[in-house]
Amino acid sequence: MVKIEIDSKSGFCFGVVNAIQKAEEELEKSGKLYCLGDIVHNNNEVERLKAKGLITINHDDLKRLRNVKVLLRAHGEPPETYRIAQENNIEIIDATCPVVLQLQKKIKRSYEETDPNVGQIVIYGKRGHAEVNGLVGQTNGKAVVIEGLNDFDQIDFNKQISLYSQTTKSVDGFKKIVDEITRRQSAGKELRYYDTICRQVANRIPNIREFARQHDLILFVCGKKSSNGKVLFEECCKVNPESKLVSDISEIDPDWFKGKNSIGICGATSTPKWLMEEVYNFIQENI
């Protein structure tokens, strides 16, 4: 008998649950709602909500819309988005994650208190990511974004540095950045760093490592756009080479199940539980 298990700690984080709940509440009332960007980095969930009346738009679309309701997803938005909404009489349904919102406020305050001739604001995150765009927007586009050590040429080590992190980055990665900036920092110049990583997300790394160790095969269910999914899948692969990344059941090869006594199903903070359950049912029907 093959053991099949869904990781109880995988699936939507609080911020995503909140955004989807707000979207569904509005869709039940009016049957139509605009969302600025994919509500979650999972095409299957986006399509499910599209069928209920959710219309995904981009920032150019936002500028053209008038007198409608627009949902802002968990990733957050820069001040410019709110300004455009006000000018166009757009009602904002704000589903920005509280952790992201808190970080935006910290960076905004830091920017207002920092003399650009003396200090520099640095954000450790993925360039172009929706959350990072919202964070950089708090500084009128002045913050420097670094993805790793290769971007250190953008940092002025002769200035006081205020370092923040995108909420979904790894704690280990942030620590390496802190250590390296400290090593390179000019004498007498201060590094102020703020660990702004969401622990609900960060704690998934040790959890998912342990889960991956317990099974002969891991099916990691995740949308291709998910940054968090990429990080968590890499962690699965480190402890279990028999880890496969799939978007849905169409990408599963039943031959993977041969000779396996234990199969684990897990996913990202953007992976819906219903999708992992579909994978569970598919395995049951094909082993």
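Is Glu 80 buried, partly exposed or exposed, and what is its relative accessible area? Glu 80 is partly exposed, at 41%, where buried means under 20% relative accessible area, exposed over 50% and partly exposed in between (1.4 Å probe, protein chains only).

## Basis of the report

This is a predicted model, in which local features need pLDDT of at least 70 and side-chain atom pairs count only at pLDDT 80 or more, while totals for chains, interfaces and linings use all residues. Residues are numbered from 1 along each chain as its sequence is written, and side-chain values use heavy atoms, leaving out hydrogens and water.

## Salt bridges

The structure holds 24 salt bridges, each a side-chain nitrogen of Lys or Arg within 4 Å of a carboxyl oxygen of Asp or Glu. One of them joins Glu 80 to Arg 83 at 2.6 Å, N to O. These two residues are three apart in helix H4 (residues 79-87), and therefore about one helical turn separates them. Helices (H or I, at least four residues) and strands (E, at least two) are DSSP runs, numbered from the N terminus. Arg 83 is partly exposed, with a relative accessible area of 36%.

Another salt bridge pairs Lys 225 with Asp 38 (2.7 Å, N to O). It links distant parts of the chain, 187 residues apart: Lys 225 lies in the loop between strand S10 (217-221) and helix H10 (227-239), and Asp 38 in the loop between S2 and H2. Lys 225 is partly exposed at 49% relative accessibility, whereas Asp 38 is buried at 14%.

## Helix H1

Helix H1 (residues 14-30) has 17 residues. Its buried residues include Gly 15, Val 16 and Leu 27. Gly 31 follows H1 and has a positive phi, near 75°.

Technical notes
The expected span of a helix is 1.5 Å times one less than its number of residues.
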